[in-house]
Amino acid sequence: MIAYAVSRLLQAIPILFLVSLFAFGMIYLIPGDAATVMGGPEASAADLERIRENMGLNEPFLQQIVSFYVNLLQGDLGQSLMLGTPVLDAIIDRTPITLGISLYSLAVTIVFGLLTGIVAALNHNKLLDQAATLFALIGISLPNFWLALVMIVVFSVHLGWLPTGGYVPFSESPMGWLRTTTMPALALALLQAGLLTRITRSTMLEVLSQDYIRTARAKGLTEWQVIGQHALANVMMPVVTVLGLILSVLLSGSIVIEAIFGIPGLGALMGNAILSRDFPLVQGGLISIACSLLLLNIVVDVLYFWLDPRVRIKGGD
Amino acid sequence: MAGGIHTDIPDDETGRLGRFLAALRPFTRSLSFVVGAVLFGFVVLVTLLGPFLTDVSPSALSMRNRFQPPSWDHWLGTDNLGRDMLARVIYGAQLSLMIGTSVVLLNAVFGVMLGALAGFYSRLDNILMRVADALMAFPAVLLAIGIAAALGPSSMTAIIALSVVYIPRTARVVRSSVLVVKQLDFVLAARAAGATDLRIILKHILPNSMAPMLVQLSFVFAYSVLSEAVLSFLGLGAPPTVPSWGILISEGRAYMREAAWLTVVPGVAIAVTALGLNLLGDGLRDVLDPRMKVAEA
Amino acid sequence: MMKTRKARLALLSTAVAGLMSAVGSVSAQETFECPKVGGDLIVAVESGIPTLDQHTTSAGATRNIAMNIYESLITRDADMSPVLDLATDMDVSDDGLRYTFHLREGVTFHNGKPLTSADVAASFARYKEIGGNRSNLDIVETWETPDDNTFVLVLKQPQATFIENLSTYTVPIVIMPAEEAAKGVGEVDIIGTGPFKLVEFVPDSHVLLERFDDYVASDVQPGLSGFGGHKQACVDTVRFRMITETGARMAALETGEVHIATSVPATSKPRLEALDDVTLVSRLQGVSMGYPNFSRSPTDNLLVRQAMAAAINAEDIIFAASDGEYELEGALQYPSQAYYSTAGLEYYNQNDPDKASALLEEAGYDGEPVILLATQQFQWSYNAALVMNEQLKVAGFNSEVSVLDWPTALATSQNADGAWNFFFTVWTSTVQQGGPIALRNFADPNNVFTPPNNEGPAEFNAIFDRVENGATLEERIAAFGEGQEYAFENVLGITFGILRATEGLRPNVRGYKSFTNVQASNIWLDD
């Protein structure tokens, strides 16, 4: 297993290099720049030029690439133009917030997705199956930012159950955190739950047709004993492999969801950074996020490899 | 089933049309496929018939007619500048379908080509898959808005950005299928008979990889419609002078209390389209190979 | 430029007298005291705050916060007149070259350090380096700090409008400790002398301010007036929450989650007015207008530009731009302002497509595209562009709307070669601070309409010179009228109307004065 882990890490290096190259290159195609945003709508051209100079945006291209990689290898992701703080600090500050909401969302997703997927598989081709599948599909098909807007109107304005937005840190008030993160977590969970339902259902179907399940049933175990003892473990594995995918989708979704609910998380940071043309922050953010997801996938793959001997033979994909 | 479609051909329907209809029959057994086809078909129909359903221009302003709720004069009401929502939603449908189709076509060409090459030539495989992995390391929407922000808002930008995001995923799906198919007997036989690589790929491998490809493409279409909505919602997609559904939601969100229909209608339109496509894809998969693994996002 | 020494002296003494009388009036009225102390004020603002480094940005979003933390030597009051703030008095030498300020006694910064003239000098030095409107200091030769409490500005030559320029608030010359002033753009710790100090700043979430207990208030005016006056922090803390989602911001106001909400949209007004526990206050926000590109065909042609102005139905445009929250006024000053003039208003809101078509024909217009540049982020830009587009088409223009995001749109509009013929904007602080500042954007070197070689019409620049340097106020006002007339006749810009801004308050918010930026001072909360 160690050998596998090492080989995956080594394989990741060229990918990481490409990732950093993409992040760097993408930025320099952008027309417009951060100076215009910092200056506000009534800034004059002369003021903007001075801001640009002070921010070092006028250096030659080659010099910028070289300093970029030199800094990157030292772990320095640069200074955010709009925040005035190091990019890495900003990302580290924001990540727990998004992580908290993501975990909340993930919990809802897993509970809901697994349950509906299992129920669907057990009632294959019957009404419950159709209903569960339809629910999953609706989840994947609804635009989640639209759902978020609708939720605010329904739950905050008309029912008054939850606040319209904002964020209360858990350390400040667990109840406040729960109240401010529930709608965002639900909006994000919808998409994930749908995916998980489908995958759970199809994996479950596959597992249920296996011999050892028939044997267990023949032995006279109740349906739930059959599932609990035999099927569940096997169902968990594809779920684990999908974890990386789910987190990636969660991060994508949080860009808009955090903006709508006014949550100062990583998604909102990236969204604002892109709209403000905050070059260092966008680069640093893209690289951090991509690397984290890559590493997570490697961890998941290694886990999967360790748990399932069949993968070793097939070679994985 | 590795991808072939087995059908019963009745004795008295051996003509081309007959065989075509007969080939369709298994699809009708899948509820998903039928419902999906109906939903998506409805959207396509409305899009094509659009100019006949309403002769009002989607950009015709009327300051006197603002915020009309749905009525006989305006089936879907009017917005804050008095523009007819039905016309705007229909034109939005045209845009979404145009962008979705373009992205799917680009995927069909480049995604398939790259996937086939990667599956067939193991030396290319390494390089291509590293690049694909690198691109897929970025969360989809994040990459799309990054590219869209770089290139500036336009329909073309949305198409390019979404293609860059989904082509690696499509390529992977095709590659997996090609990896399996190229080991099959008839391919090895063709090789032994001296057929060129190109011929093998085009005549033998691709036709037998159609199933996962079709399913993947229908999902790509669905994601394109949804992602394009996010892009234009953020102001990074089609220019607002063309009423994309995402822009309709973005324009309507300030008035959610006073004129809820402005946001509800485009949201439902997106959902129906995406749902139809997802159901189609599911149905295709059920019919062609229920155990098929496709890239989900 | 013929100015007699006597005239200059007359002008300066008028200005000084004006300021001195403001000082003198304090003894006549009672200075403000907080009727109630305590509570946490929560304000919902509609935009993200790019930075709190006030020297470097003209963003209103920054001023909303920063002007509660910082103070300037001299600023503007509720009537937009210059008023001394950190300075208690000002002496102008006979030759008009030396401005001597004495600083308020006992003032300390938020970090406990006492304010001295060295800090003022350092702040001015920083502003001259990187300040947004540092060109205002071009006329300054040097400054002196004869003692800890005295700061002297020495001009190269006398300037009639120097005090007006020095007191502008678009990018105010706020005073920070010398150690901070030594730092570069965006690197300063936000430490000022104002009634509130910064506790926490999360750029796209919130800003938290706290009462500064050792604050020493100005005695120039009895109560809060604009950015100046006798400021008192009645509440314990102020939290500015960024709620960009309009629906969410209004909902927060309705549920009482926030005490004050800025930017209430017109469409929400009827519903909110009907509520018992929401009060709405309204004020003039700015002039919604646009300007053409003199360097790009066909707007380089005077007749084409005049055709454009003729085709415009300003009322429809301003209605759409403001969702109904507007005043139909076409001048470059508000009617209540001293420089207000109706000269040239015959070119405003002509709504005459036939005249426009005739002018186009006379100009030999051959259907060349006219690009209206706007951004979707701001209603006054986007909606105005859409409506104007339709109006121009009716008159026979081949017009189209180009929608870019704000940074790109702004950058494009500042480039004479950019793909634009007309750009939409709002002049807020530009208009509010008086005639000369309003017209400055049309004069060289600012000339927003990007003329070839960056040289605007010589005739206009000559008029503007008289606006800036006219010996008496009457002369300057008259010149302003001429300038406005020239601007409209030659279409240096086209105005649509005045936008109104509305804020919403909860019933327990007392003492709130609607002003161009949020002032948290002298507000107290009832239970």
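In this predicted model, helix 8 of chain C, which spans residues 302-311, is mostly covered, since eight of its ten residues are buried. The buried positions are C:Val304, C:Arg305, C:Gln306, C:Ala307, C:Met308, C:Ala309, C:Ala310 and C:Ala311.

The antiparallel pairing of strand 4 with strand 5 (residues 98-103) of chain C extends over five bridges, and C:Ala87 has C:Leu103, in strand 5 of chain C, as its bridge partner.

The secondary structure of chain A, by contrast, consists of 13 helices and zero strands. Of the 317 residues in chain A, 48% count as buried. Among the contacts in chain A that link residues at least 6 apart in sequence, 72% join residues at least 24 apart.

The contact between chain A and chain B takes 38 residues from chain B and 38 residues from chain A. On the side of chain B that touches chain A, two or more residues are given by each of helix 4 (122-137), helix 5 (140-151), helix 9 (210-233) and helix 11 (261-288) of chain B. Helix 5 of chain B gives the most to this side, with nine residues. By residue type, the side of chain B that touches chain A divides into 26 nonpolar, six polar and six charged residues.

In soluble globular proteins, nonpolar side chains tend to be buried together. The largest nonpolar core of the model has 248 residues, of which A:Ala148, B:Ala144, B:Ile145 and C:Val43 touch the most other members. Helix 3 of chain B (residues 85-120) supplies the largest share of this core, namely 16 residues. When residues up to four places away in sequence are not counted, B:Ile145 touches A:Ile255 and A:Ile274 in chain A, together with B:Leu231, B:Leu234 and B:Leu236 in chain B. Apart from this core lies another, of 79 residues, which includes C:Ala314, C:Phe319, C:Phe480 and C:Ile498.

As to confidence, the model scores ipTM 0.79 and pTM 0.80. The mean pLDDT of chain C is 89, and 94% of the residues in chain C reach 70 or more. Among the elements of chain C, the highest mean pLDDT, 96, belongs to strand 13 (residues 260-261), whereas the lowest, 46, belongs to helix 1 (residues 5-24). Over residues 1-14 of chain C the pLDDT is below 50, and this stretch has 13 contacts in the model beyond near neighbours in sequence. Residues 20-27 of chain C likewise have a pLDDT below 50, and that stretch has ten contacts beyond near neighbours in sequence. Where pLDDT is low, the predicted coordinates should not be read in detail.

Terms used. Residues numbered from 1 in each chain as written. Chains lettered and ligands numbered in written order. Predicted model: local features only at pLDDT ≥ 70, side-chain atom pairs only at ≥ 80, totals over all residues. Contact = placed C-beta atoms within 7 Å. Helix = DSSP H or I, 4+ residues; strand = E, 2+ residues; numbered from the N terminus. Nonpolar A, V, L, I, M, F, W, Y, C, P; charged D, E, K, R; others polar. Buried ≥ 20, exposed ≤ 12 C-beta atoms within 10 Å, placed from the backbone. Pairing = 2+ DSSP bridges. pLDDT = per-residue confidence, 0-100. Core = buried A, V, L, I, M, F, W, Y, C linked by C-beta atoms within 7 Å.
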